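Me: I am new to this structure and would like to go through it slowly, asking at each step what a term rests on. Could we begin with the words used for how open a residue is?

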Amino acid sequence: MAVSNTAELFFSLFNIFTILAVLVGTFVLGLMGYLVLRFRERALSPEPEDAPKLGQLPAPRGKLRTLVISVTLSAIILGVLVVGTFSAIDKINAPPQICAQTPSPCLTLQIEAGRFFWNVTYPGGQEDTNLLVVQKGITVILKVTSLDVFHSFGIEDFRIKTDAIPGRINTIWFVTNESGDYVMRCFELCGTGHAAMKGTLRVVEPGSFQSCGTGC
Ligand code: CUA
């Protein structure tokens with residue numbers, strides 16, 4: 001199981017792309033290899049009927065049936081990829097409906113980017129810098145903004161990222177599947193400390209979260 005629902009979603013999309021690419025690649029290269037061998041020039045090969053002749057316009061080539069089949073197949077493959085990609089984007093963009101209930105079963109946190117740190121504000125108003133502690137399995141919604149310049153907040157292991165822009169709040173969300181420490185880092189060049197602009201997202205088991213909370 002992937003470390004978060006977003007990583008799961010990304011990997012399943014990646015698998016669809018990979019499977020289709022391998023199938024198409026195998027078919028095209030296989031067909032090419034077969035045709036190269038089948039129609040290779042032999043000592044007594046006759047001149048092909050449609051070989052170009054000097055001073056003569058070449059006759060039209062190709063069959064309508066081949067064209068229809070190849071366009072239809074390409075449209076089906078592209079359709080699968082487009083629908084898969086857009087439905088994944090939809091899922092990643094909008095937090096699940098249950099989070100709109102009151103009281104919400106989801107945890108909403110504010111993330112403020114600054115040169116060169118991440119400020120985290122919990123629902124109770126408690127703040128921390130470069131450390132975000134959440135309980136495993138809970139739906140976490142992050143409201144991301146910036147205090148100064150453009151940054152980009154991302155957690156690579158979760159395959160999520162959103163811009164941190166002053167005066168604007170961008171939302172991302174995830175559900176964690178495994179406890180552990182993950183790196184949350186800046187993905188937009190924002191100054192001399194950009195490379196070091198990192199924090200830790202700590203996912204803890206529900207039991208230990210009850211005892212040490214955000215101080216885990
Ligand atoms: Cu903040 Cu790069």
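Reply: A residue is called buried under 20% relative accessible area, exposed over 50%, and partly exposed in between. Please keep in mind that this is a predicted model.

Me: What makes E205 and K136 a salt bridge?

Reply: The rule asks for a side-chain nitrogen of Lys or Arg within 4 Å of a carboxyl oxygen of Asp or Glu. The closest N and O atoms of E205 and K136 are 3.5 Å apart, and the two form a salt bridge. This pair links distant parts of the chain, 69 residues apart, with E205 in the loop between strand 10 (198–204) and helix 3 (206–212) and K136 in the loop between strand 4 (131–135) and strand 5. K136, at 28% relative accessibility, counts as partly exposed.

Me: How many salt bridges does the rule give in total, and how do you know that D181 and R202 form one?

Reply: The count comes to two salt bridges. The side chains of D181 and R202 meet with 2.9 Å from N to O, which is to be set against the limit of 4 Å, and the pair is therefore called a salt bridge. It links distant parts of the chain, since D181 is in strand 9 (residues 180–186) and R202 in strand 10, 21 residues apart. D181 has a relative accessible area of 48% and is partly exposed, and R202, with 25%, is partly exposed as well.

Me: What makes a group of residues a nonpolar core, and which members of the largest one touch the most other members?

Reply: The members must be buried residues of the nonpolar kinds, joined through side-chain atoms within 4.5 Å. The largest nonpolar core has 32 residues, of which L132, L142, F153, I155, F158 and L201 touch the most other members. When its neighbours within four places in sequence are left aside, L132 is in contact with L109, I111, V120, Y122, L142, M184, T200, L201 and R202. Apart from this core lies another, of five residues, among them C99, I141, W173 and V175.

Me: Why are strand 3 and strand 8 said to stand at the edges?

Reply: Five strands form an open sheet in the order 3-2-1-5-8, with mixed pairing. Strand 3 (127–129) and strand 8 (170–175) each have a single partner strand, so one side of each is left without a neighbour in the sheet. The twist averages 25° from one strand to the next.

Me: What makes strand 5 and strand 8 a pair?

Reply: At least two bridges are needed for two strands to pair, and strand 5 (residues 139–146) and strand 8 have six bridges, in the antiparallel sense. V144 stands opposite N170 in strand 8.

Me: Where is the cis peptide bond that involves P103?

Reply: A cis peptide bond joins T102 and P103, with omega about -5°, and P103 lies in the loop between helix 2 and strand 1 (107–114).

Definitions and conventions: Residues are numbered from 1 along each chain as its sequence is written. This is a predicted model: local features need pLDDT of at least 70, side-chain atom pairs count only at pLDDT 80 or more; totals for chains, interfaces and linings use all residues. Side-chain values use heavy atoms; hydrogens and water are left out. Buried means under 20% relative accessible area, exposed over 50%, partly exposed in between (1.4 Å probe, protein chains only). Contact means heavy atoms within 4.5 Å. Helices (H or I, at least four residues) and strands (E, at least two) are DSSP runs, numbered from the N terminus. Axes are lines fitted to C-alpha atoms, for helices over the stretch in contact, and angles run from 0 to 180 degrees between N-to-C directions.
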